[in-house]
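Please keep the structure open while going through them.

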Amino acid sequence: MAGRFEPGMRRTTVRGGDGRVPRGGRAPGGVPRPAAPPRSRRWTPPWPLDLPLVLGPLRRGPADPTFRISPDGAVWRASRTPEGPGTLRLALRGGTVEADAWGEGADWLLERVPELLGAADAPEEFTPRHRLVAASRHRRPGLRLLRTGLVLESLIPSVLEQKVTTDEAYRAWRLLVRGHGEPAPGPDSRLHVMPGPRTWAGIPSWEWHRAGVDDKRASTVLRAVRVAHRMEEAASMPPAEAMTRLERVPGIGPWTSAETVQRSHGAPDALTLGDLHLPRIVGYALAGDRDADDAAMLDLLEPYAGQRHRAARLVLLSGRTPPRREPKMRRVDIARW
């Protein structure tokens with residue numbers, strides 16, 4: 001979980017990639033065809049902004065086909081918006097965000113750039129109650145909670161991360177998006193847009209198996225995409241109501257719904273419960289208790305009621321984690337069965 005945040009975001013190259021050319025990439029004779037000119041927007045946030053830190057939770061591993069950080073520090077995202085596929089490039093230059101977008105969803109993405117980068121967040125409402133949390137916040141004045149306004153693009157990878165190692169989940173997401181998604185619009189041929197609901201529903205069972213996804217997780221994704229419209233409606237609900245709606249789908253519990261609304265809603269109080277590592281990290285960082293469970297974590301974070309996810313995020317970013325004394329979760333590659 002900690003690896004999805006700032007430390008992992010310092011890596012600016014992506015290995016691997018698909019050799020396929022996006023639509024508009026080459027003419028029939030194999031001659032490169034320039035991408036359509038992007039739509040652009042410039043926005044100056046009235047606060048310090050750290051792009052990789054804010055957008056880090058959207059990255060599902062260093063080879064995520066929907067997310068890339070280029071060597072110049074620009075962040076690229078490929079999304080399936082209500083208006084169609086779109087690619088968004090964000091770069092911070094002299095305190096101003098330069099946003100360029102391609103595809104049918106370009107206008108939708110550009111309109112929501114401020115919310116994506118934390119304009120709807122209110123970090124001033126947060127009051128640190130522990131010295132470690134205060135120090136972590138002081139070191140990262142550019143941290144804000146993002147809001148994508150899209151539910152399925154966070155829900156599906158969260159389902160894939162249920163009860164498996166991070167590497168297994170990232171591999172499954174990468175293989176399924178590259179194999180069944182579509183090349184993203186724009187000039188970056190490495191980016192892919194995740195499949196639409198109909199495509200997810202049509203993925204054959206053996207493809208889920210080859211990606212290492214068991215029947216339980218695959219069935220949960222299929223149940224969610226069958227009610228995709230209802231899932232996306234949750235983006236306009238308060239976080240608590242959105243979590244309740246998501247959890248009506250069998251296979252989606254508090255862990256998955258919290259991981260989703262943290263990204264789709266920027267929910268500051270959506271604390272991840274049922275996680276293997278988070279209670280131990282929070283317990284060790286705030287009380288020296290490396291065996292803390294969810295109940296102990298909730299007690300420690302009670303002073304942060306309404307801001308518990310933000311507090312946990314700052315604890316993770318502090319880097320104070322308990323020394324390992326147990327083997328990692330055993331990796332089981334079901335694709336070999």
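1. Valine 213 sits in the loop between H9 and H10, and in this predicted model valine 213 counts as buried because its relative accessible area is 2%, where the cut-off for burial is under 20%. Leaving out neighbours within four places in sequence, valine 213 is in contact with Leu160, Ala172, Leu176, Trp208, Ala218 and Ile334. Valine 213 and glutamate 161 are 52 residues apart in sequence, yet their C-alpha atoms lie 9.6 Å apart in space.

2. Val213 is also among the residues with the most contacts inside the largest nonpolar core, a set of 35 residues in which Leu155, Leu176, Trp200 and Trp208 are likewise listed. Helices that each supply at least two residues of this core are H6 (152-160), H7 (166-180), H10 (215-226), H11 (228-233), H12 (239-246) and H13 (254-264). A second, separate core has 24 residues, including Leu58, Val113, Leu117 and Leu150.

3. Leucine 155, not counting residues up to four places away in sequence, touches Ala224, Met231, Leu246, Ile252, Thr256 and Thr260.

4. For H10, the geometry can be checked: at 1.5 Å a residue its 12 residues should span 16 Å, and since the end C-alpha atoms are 16 Å apart, the model agrees with that expectation. Aspartate 214 caps the N-terminal end of H10, with a side-chain oxygen placed 3.0 Å from the backbone nitrogen of lysine 216. The buried residues of H10 are Arg217, Ala218, Thr220, Val221, Leu222, Ala224 and Val225, and they pack against H6, helix H8 (197-202), helix H9 (205-210) and H11.

5. The loop between H6 and H7 deserves a look, as it holds both glutamine 162 and lysine 163. Glutamine 162 has a relative accessibility of 14% and therefore counts as buried, whereas lysine 163, with a relative accessible area of 75%, is exposed. Apart from neighbours within four places in sequence, glutamine 162 is in contact with Arg217, Gly251, Trp255 and Thr256. The phi angle of lysine 163 is near 55°, which is a positive value in a residue other than glycine.

6. Which residues of helix H5 (residues 131-139) are buried? They are Leu132, Val133 and Ser136, and because they fall within an arc of 100° when seen down the axis of H5, they line one face of the helix. As background, an α-helix has 3.6 residues a turn, so residues three or four places apart point the same way. The face of H5 turned away from the buried side carries the exposed residues Arg131 and His138, while the cover over the buried residues of H5 includes helix H14 (278-287) and helix H16 (308-318).

7. Finally, some overall values for the protein. Its secondary structure comes to 16 helices and seven strands, and 53% of its 337 residues are buried. Among contacts between residues at least 6 apart in sequence, 69% join residues at least 24 apart. The protein exposes about 15500 Å², of which carbon and sulfur atoms supply 51%.

How values were computed: Residues are numbered from 1 along each chain as its sequence is written. This is a predicted model: local features need pLDDT of at least 70, side-chain atom pairs count only at pLDDT 80 or more; totals for chains, interfaces and linings use all residues. Side-chain values use heavy atoms; hydrogens and water are left out. Helices (H or I, at least four residues) and strands (E, at least two) are DSSP runs, numbered from the N terminus. Buried means under 20% relative accessible area, exposed over 50%, partly exposed in between (1.4 Å probe, protein chains only). Contact means heavy atoms within 4.5 Å. Accessible areas come from the Shrake-Rupley method with a 1.4 Å probe; for residues, only the protein chains shown count as cover. A nonpolar core is a set of buried Ala, Val, Leu, Ile, Met, Phe, Trp, Tyr and Cys residues joined through side-chain atoms within 4.5 Å. The expected span of a helix is 1.5 Å times one less than its number of residues. A polar contact is a pair of N or O atoms within 3.5 Å; within protein, one must be able to donate a hydrogen and the other to accept it, and residues adjacent in sequence count only if both atoms are side-chain atoms. The arc is that of the directions from the helix axis to the C-beta atoms.
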